[in-house]
Amino acid sequence: MPDEFDVIVIGAGPAGENVVDRAVRGGLTAAIVEERLAGGECAYWACVPSKALLRPVDLAGEVSRVPGLSLGEIDVAAVLARRDEAVSRYDDGGQVRWIEGVPAEFVRGRGRLDGPKRVRVTLSDGGERVLTARQAVVLATGSTAAVPPVPGLAEAKPWTSHEVTAATAVPERLAVIGGGVVACEMAQAMHGLGARTTTMLVRGGVLLGRMEPFAGEMVAESFAEAGIDVRTNTGVVRVERPEPGGKVTVHLSDGPPLEADELLVATGREPATGDLGLSSVGLADGAYVEVDDSMRATGVPEGWLYAVGDVNGRALLTHMGKYQARVCGDVIAARAGGDELCAMRDLADHYGAPQVVFTDPQVCAVGRTEEGAKKAGFHARAVDYDLGSVTGAYLLGDGYRGRARAVVDEDRRVLLGVTFVGPGVGELLHAATIAVTAEVPIDRLWHAVPSFPTVSEVWLRLLEAYGL
Ligand SMILES: Cc1cc2nc3c(=O)[nH]c(=O)nc-3n(C[C@H](O)[C@H](O)[C@H](O)COP(=O)(O)OP(=O)(O)OC[C@H]3O[C@@H](n4cnc5c(N)ncnc54)[C@H](O)[C@@H]3O)c2cc1C
Ligand SMILES: NC(=O)c1ccc[n+]([C@@H]2O[C@H](COP(=O)([O-])OP(=O)(O)OC[C@H]3O[C@@H](n4cnc5c(N)ncnc54)[C@H](O)[C@@H]3O)[C@@H](O)[C@H]2O)c1
């Protein structure tokens, strides 16, 4: 087996796999090193299983809003079985075959940088292999769940995103630390699948703090109606779990301790760079790898190191990691062919990544929030519309509640950001992404006629509310 390749990628998550695909399309040879499962966190312990668990809960919400339909109990065993199907029963055979078909060499083991252009791999059978890159090494090792240093928390072995998405049973009483995307989605899933009590312990005053404030407010309102106990401005000061896997007691900054059968920690992510040999090339171990818009690591001389996906900290989302990977693979291939100034660059991250939060109501957004746009110095104006007043939304179910906001750059008359909250709004997002990324002038957008009676008519209403 050759040990020299044009490109060596460490980490076969969605980002790493896409680098390999683009680099090989560009005429290069590539190897990809993966210590666990090809497909990465996304395929087995994040996006895919979480959405499989949320789908029946979402559908149950839809059914409950349409008179004449009724829903029996959700069959949790069937839902968990479908989740297992969705994660290919934690078998990556299909993904490995895909990589080999690229064609690229798949190396199962743990990779570490070992000086410039060198990757030392501890193979899964205990052996070792040293790979050398002719052109580039790409880090695509993703991120891991951060567990805050609360006394007793780590010792209590709480669930993180890994365990909750792989759950084989729903806890009777679930406590969740965090108010971000993972906390909201997984609280919704576990509660909808039958947790008797679900308590969210949120350090700040709102859910989904990175989105427009009304998004978190509407989700909190819906959670309260569903019986999820959302406690904002609540700190966790100590955790006790005398028996491994037994009852857990969470001591709070305020009020009596909370007892639960399981505790989920969803307080953000850390880059998977702690043991990656970054210091062997002059970078800080454990830190995000800073890159330029060609995905090249800025702190490394001679420009042979790249980083894509969660590990560079730009946008912790699968679709953005894959986009960065396409940029990266194309850039490496172009540079290898002598086109050092290759024009391909990451533009999308600068507009603000699109994201869908799969709660009920769904929340989706692209670009800047009103506050973010103003802070960045734009002459921004926000226009809001009540989604429930759109005929297409009303027809989807009784009591449809939602809201839309467009943030307009008053100087250029283009959209800087769009947020939708409401059942099923996720599929509206790509139209907004196109409008924001392509900087479509709103006077032109006026001629993009939405169909009646769809929820998309909100576009017309927003533009009318703006004054067109
Ligand atoms: C619960 C949850 C739900 C999510 N839902 C969504 C969603 O709906 N939509 C969305 O866009 N994003 C979602 N995300 C975020 C998404 O999972 C990440 O952004 C995405 O997985 C990042 O892809 P990646 O390729 O950078 O890293 P990863 O998917 O983390 O893959 C990295 C790979 O590198 C391997 N690796 C690490 N270190 C080494 C090493 N030294 N040697 C060899 N291999 C190594 C790992 O084993 C892993 O397979 C979710 C995240 C969580 C936690
Ligand atoms: N549908 C999706 O697109 C989706 C779904 C899940 C995750 N993700 C991605 O995964 C990433 C990680 O999600 P996440 O929810 O873990 O992170 P997050 O950054 O979205 O939220 C972290 C939450 O934890 C809180 N927090 C942080 N430190 C804390 C502490 N010490 N004590 C108490 N609370 C604390 C924060 O205030 C925040 O509410 C996100 O950036 C997101 O992009 C995306």
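Colleague: I'm new to this one. How far is the side chain of H319 from ligand 1?

Modeller: An N or O atom in the H319 side chain sits 3.2 Å from an oxygen atom of ligand 1. Keep in mind that this is a predicted model.

Colleague: Noted. And how much of ligand 1 does the protein bury?

Modeller: The protein buries 93% of the 990 Å² that ligand 1 exposes when taken alone.

Colleague: Which elements give two or more residues to the shell around ligand 1?

Modeller: Helix 1 (14–25), helix 2 (40–45), helix 3 (47–64) and helix 9 (318–336) do, along with strand 2 (30–34) and strand 3 (105–113).

Colleague: Which residues come nearest to ligand 1?

Modeller: There are 35 residues around ligand 1, and the nearest are E34, K51, G111, D310 and T318. For K51, an N or O atom of the side chain is 2.7 Å from an oxygen atom of ligand 1. With G111 the backbone is involved: one of its N or O atoms lies 2.9 Å from a nitrogen atom of ligand 1.

Colleague: Switching topic: where is R110?

Modeller: R110 is in strand 3, which also gives two or more residues to the shell around ligand 1.

Colleague: Which residues does R110 touch?

Modeller: Leaving out residues up to four places away in sequence, R110 touches V33, E35, R120, V121, T122 and D275. With E35 there's a polar contact between the two side chains, at 2.7 Å.

Colleague: And how far apart are R110 and F214?

Modeller: They're 104 residues apart in sequence, and their C-alpha atoms are 43 Å apart in space.

Colleague: OK, on to ligand 2. Which residues come nearest to ligand 2?

Modeller: V182, E185, R210, L316 and V356 come nearest, out of 20 residues around ligand 2. By class, that shell divides into 9 nonpolar, 6 polar and 5 charged residues.

Colleague: Which side-chain atom lies 3.1 Å from an oxygen atom of ligand 2?

Modeller: That's an N or O atom in the side chain of Q355. Backbone atoms come in too: a polar one of G268 is 3.0 Å from an oxygen atom of ligand 2, and an N or O atom of G180 is 3.2 Å from an oxygen atom of ligand 2.

Colleague: How much of ligand 2 is buried by the protein?

Modeller: Ligand 2 exposes 840 Å² taken alone, and the protein buries 77% of that. Helix 7 and strand 16 (355–357) are the elements that give two or more residues to its shell. Helix 7 gives the most, with 3 residues.

Colleague: Tell me about helix 7, then. Is it mostly covered or uncovered?

Modeller: Mostly covered, with 9 of its 12 residues buried. Those are A183, C184, E185, M186, A187, Q188, A189, M190 and H191. E185 is also one of the residues nearest to ligand 2.

Colleague: What follows helix 7?

Modeller: G194 does, with a positive phi near 120 degrees.

Methods. Residues numbered from 1 in each chain as written. Chains lettered and ligands numbered in written order. Predicted model: local features only at pLDDT ≥ 70, side-chain atom pairs only at ≥ 80, totals over all residues. Heavy atoms only, no water. Buried < 20%, exposed > 50% of the residue type's maximum accessible area, 1.4 Å probe, protein only. Helix = DSSP H or I, 4+ residues; strand = E, 2+ residues; numbered from the N terminus. Near = heavy atom within 4 Å. Polar contact = N/O pair within 3.5 Å; in protein donor to acceptor, adjacent residues only side chain to side chain. Areas by Shrake-Rupley, 256 points an atom, 1.4 Å probe, with all protein chains shown as cover. Contact = heavy atoms within 4.5 Å. Nonpolar A, V, L, I, M, F, W, Y, C, P; charged D, E, K, R; others polar.
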